[in-house]
Amino acid sequence: MPGAGTAPEEARPEAAEALEPGKTGTGGTRLSPSKLYLRRFARNKPALGGLILFVLLTLFSVFGRYLTDWNYEEADFAALSVAPGVGGHLMGTNSAGNDVYAQLVHGLGRSLIIAVTVSLLTTAIAGLFGTTAAYFGGKIERAMLGFVHFLLILPSFLIIALVGTHYRGDWQILVVVLTLFGWMLTARVIWSLATSLREREYVMAARFMGVSPLRTIIRHLVPNIGSLLIVTFTLGVASTVQSETALSFIGFGVKQPDVSLGSMLAEGQSTLSTAPWLFYLPAALVVLLTVAMALVGDGLRDALDPTSQSGGRA
């Protein structure tokens, strides 16, 4: 029999159980949502490893150029297709005499800029579009969803290929085109989630108080799907890297004199038997970047999901 001041065993919460945001921890301190999410993410070792890998790749793309005397556009005509370590070239040269190490640094940076920019823009557009359609409902909702469905049936790949060929691989145009055709599926997912939020008390109260629709959407709907937007952005970086690499590989993405990981793969695949480093080095960076963002995305999803135990207990 438990004592008079003792709670029954089944009613006594375990100290190691995962805490909900704002709940009191074992030491009597109150955990903020951000601290709880950070703690859950840090306990996920693969996700933490992916974040460290992504940071290292980013630092390499920013500061790697200071470790070589060669520029990615500069050609060494006395060393054409030399192997790594020969002629003062750390990772060799290509058939035009360009230093592969310098091109890897610039190509990784260019691919990162494209991927982060496109993922950020598509996530923002999808978030605003999906929540706006859910907030208004009725005819406006049907019209907006019809527009999304129309864009989904368009042959986006052909349009991207035509635009990329016309503008000769301008990466800014590639960002615009990938953004225009990359937000629709995410917007539909966000709309389906936001339809359950528009009937919540705080949204109804904002309506009755005369708060403008835009203010209600930005201050009440969008923050309540913030975890989905964060995960979508993170995973979108990985998918955009793959899209940019594929387009550049087949000749519709970044082109000379600029360089990206995809354009390096396209150049290296023709010399795979004679100069394999031209293909395998950028391929390794693409794999590392994709794996890193996938691990970070999975870790964020588990950390932001209160029902998940994958990130450990708080």
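What is the volume of the second largest pocket? In this model, which is predicted, with local features needing pLDDT of at least 70, side-chain atom pairs counting only at pLDDT 80 or more, and totals for chains, interfaces and linings using all residues, that volume comes to about 250 Å³. Residues are numbered from 1 along each chain as its sequence is written, and side-chain values use heavy atoms, with hydrogens and water left out.

By a pocket I mean, on a 1 Å grid over the protein atoms alone, an open set of points where a 1.4 Å probe fits, with protein on both sides within 12 Å along at least five of seven lines, and a lining residue has an atom within 4 Å of a point. The volume is the space filled by probe spheres set on the points, which are joined across faces, edges and corners.

Of the 15 residues lining this second largest pocket, Ser61, Arg65, Tyr72, Val105 and His106 are the closest to its centre.

Turning to the largest pocket, its volume is about 460 Å³, and of its 23 lining residues, Leu178, Phe181, Gly182, Trp183 and Ser243 lie nearest the centre. Elements giving two or more residues to this lining include α3 (100-136) and α7 (184-197), while α10 provides the largest share, 7 residues.

Finally, back to α2, which spans residues 45-63 and holds leucine 56.

Technical notes: Helix = DSSP H or I, 4+ residues; strand = E, 2+ residues; numbered from the N terminus.
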